[in-house]
Amino acid sequence: MNKWDFYTTKEIKPEGWIKKQLEIQASGLSGNLHKVWPDIKESGWIGGKRESWERVPYWLDGFIPLAYLLENEEMINDAKKFVDSIISKQEDDGWICPCNKKHRKAYDSWALQLITKTLKVYYDCSGDERIPKVIYKALKNYYELLKSGKISLFNWGKFRWFETFIALNFLYERYSEEWIKELGIILKKQGFNYDNAIELWKTPKDIWRYKTHIVNIAMMLKSEAVSCDLLGEGYKDIAESYREILDKYNGTVYESFTGDECLSGISPVQGTELCAIVEQMYSYEHLFAYTGDSKWAERLEVLAFNALPATVSEDMWAHQYDQMSNQIACKKLFPFSHFGTNGPRAHLFGLEPNFGCCTANFSQGFPKLVISSFMHKDNTIINSLMLPCRLNTKDVKIEIKTNYPFENKVEYIINSKKAFDFIIRIPSFAERLTLNGIKLETKDIEININEGETKINIEFETPVILKARPNNLYTVKKGSLLFSLPISYKKKMLEYTKRSVERKYPYCDWEYLPTSDWSYAFSGKNFKVKYNGISDIPFSQENAPINISAKMQKINWGHMKRLKTVCAKTPESVKPISKAETIELIPYGCAKLRMTEMPIIEE
């Protein structure tokens with residue numbers, strides 16, 4: 001396979017708009033969760049009495065690379081304090097989770113799989129040489145317990161067995177011991193085979209199942225890519241075959257699947273859990289690294305530039321559990337929740353809407369995206385994502401200046417002490433591609449870079465298209481960006497305490513209540529693009545970096561039965577009830593309330 005290796009936060013640093021986004025994240029919930037949320041600041045992982053399972057490992061998995069990418073010393077020190085505390089409590093036999101020995105059999109070892117992955121992330125960022133030994137002891141103990149039958153996989157650990165391979169591959173590269181392979185075999189044997197879930201995916205129902213859980217599925221997509229080498233199996237691209245089925249029966253316009261919290265069919269008013277978005281991004285990063293197939297990087301872009309920013313507030317102090325493509329209000333659902341397996345508050349913005357897993361886990365999305373912008377193998381470097389950032393290795397420095405995906409101009413400034421091969425991944429939708437002003441007939445750019453300074457300027461165009469969706473609905477798309485009709489809103493702050501967890505500004509909950517019309521349809525296929533520049537908030541609804549003007553007319557859309565804050569799955573009528581007007585569409589990730597999938601007016 002065309003395997004690529006990741007660089008680390010020591011070598012990659014963010015610039016431009018993505019650095020602004022990471023700074024917002026660090027100033028918001030991600031950077032302060034350990035100060036305000038009891039499940040982190042009083043966690044059993046650090047000797048407290050609160051949650052002692054997945055939440056600290058989840059949070060550290062994003063907090064650590066965020067801290068090191070921004071070179072934020074306070075955050076780096078806080079990360080070290082947590083890691084030091086976790087390591088200090090590792091038992092002599094290697095067991096590392098906060099669980100008494102007599103309770104190990106009943107302790108879902110998903111937390112063990114997760115903490116070893118997180119510690120590997122910490123090693124990549126910090127270079128702390130204690131970490132390989134800690135992971136070694138923890139997984140050797142896991143192997144001995146599983147092999148002897150003293151514990152077994154069940155619940156989440158059974159359905160997420162492949163997550164362990166992030167740490168297992170790391171160990172095998174360092175130690176090459178046979179038990180590491182044997183542990184991989186045991187995990188796969190005891191773990192769930194998702195081939196046995198496919199028929200359930202085709203007929204989603206309002207039933208909670210591990211087999212249809214959207215986060216399990218999002219994680220699973222990378223399972224073959226991260227495990228097949230250690231297991232000695234050939235790669236068959238099962239992720240693509242799974243994705244095709246999932247997309248057919250549960251697909252969304254932003255390249256994910258509905259899952260609120262389990263698969264919920266094809267509808268623009270069903271939700272997608274935030275955990276699933278960041279885990280699907282992580283899966284696509286590993287799928288691209290393993291295969292070199294651009295389809296995974298392109299799908300990653302759509303998730304990262306649309307679904308992720310759409311489901312967090314502009315200041316990143318609040319997030320949703322579920323987002324919807326057509327989301328006309330974020331208010332408690334009454335008299336019932338139309339989410340099949342989630343509660344009536346799952347789409348509110350807040351500290352912990354519905355469940356706290358997304359509160360802990362969403363932080364990894366943007367930092368790991370930056371880390372995936374460059375990859376390497378042998379004497380070749382690939383720019384896999386055109387983010388504004390810089391790469392600084394022992395021999396090579398590359399700076400990328402760009403506002404992509406909002407604009408399609410990219411400047412590379414390369415200073416190298418050696419010759420190397422440089423590949424720039426160009427999206428499949430790029431048109432009229434030029435390299436230093438010269439038109440290219442191919443989209444594959446491979447350049448032999450010599451010693452010294454090299455400058456590369458790339459420009460291309462991305463057409464505006466109407467992307468067909470189910471039920472005769474359409475979405476405006478330009479490159480990786482989706483565009484929505486933005487709905488103006490007012491925010492209602494909700495401060496309260498529930499189960500001893502305080503919601504207090506700025507880490508409170510919010511309802512977003514619409515103040516503008518939303519019942520529209522496209523009345524033409526002509527669009528006009530306007531670039532506005534990127535503000536201090538890259539995904540701002542009021543100051544969107546780009547908008548597209550479209551001719552639209554009002555229609556009778558209607559609401560979901562007995563729910564006045566959710567639009568109907570499809571409009572009641574597509575006959576116009578107003579004259580055509582020009583509406584400015586903005587990027588999906590900028591619009592917190594929005595209509596994204598809309599019909600075309602009947603002639």
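Colleague: Does Y143 count as buried or exposed, and at what relative accessibility?

Modeller: This is a predicted model, in which local features need pLDDT of at least 70 and side-chain atom pairs count only at pLDDT 80 or more, whereas totals for chains, interfaces and linings use all residues. Residues are numbered from 1 along each chain as its sequence is written, and side-chain values use heavy atoms, with hydrogens and water left out.

Y143 counts as buried, because its relative accessibility is 7% (buried is under 20% relative accessible area, exposed over 50%, partly exposed in between, with a 1.4 Å probe and protein chains only). The whole structure contains 36 aromatic pairs (Phe, Tyr or six-membered Trp rings with centres within 6.5 Å; planes under 30 degrees apart are stacked, over 60 edge-to-face, the rest tilted). In one of them, the ring centres of Y143 and W179 are 5.8 Å apart and the planes meet at 40 degrees, so this pair is tilted. Y143 belongs to helix α7 (residues 131–148) and W179 to helix α10 (residues 178–190), so the contact ties together parts 36 residues apart in sequence (helices are DSSP runs of H or I of at least four residues, strands runs of E of at least two, numbered from the N terminus). W179 is likewise buried, with a relative accessible area of 7%.

W161 and F162 form an edge-to-face pair, at 5.4 Å between centres and 70 degrees between planes. Both W161 and F162 are buried. They also belong to a cluster in which ring pairs link W156, F159, W161, F162, F165, F192, Y194, W208 and Y210.

Charged side chains meet rings as well. R160 lies over the face of W110, 4.7 Å from the ring centre, and the charged end of K491 sits over the ring of W510 at 4.4 Å from its centre (NZ of Lys or CZ of Arg within 6 Å of the ring centre and within 35 degrees of the ring normal).

Strands β5 (residues 374–377) and β6 (residues 380–383) pair in the antiparallel sense over four bridges (pairing requires at least two DSSP bridges). In their hairpin, which has two residues between the strands, D378 takes a positive phi near 50 degrees. β6 pairs in the parallel sense with β10 (residues 420–424), again over four bridges, and T380 stands opposite D421 there. From β6, T380 and I382 point one way, I381 and N383 the other, and all are buried. The open, mixed sheet has five strands in the order β1-β5-β6-β10-β13.
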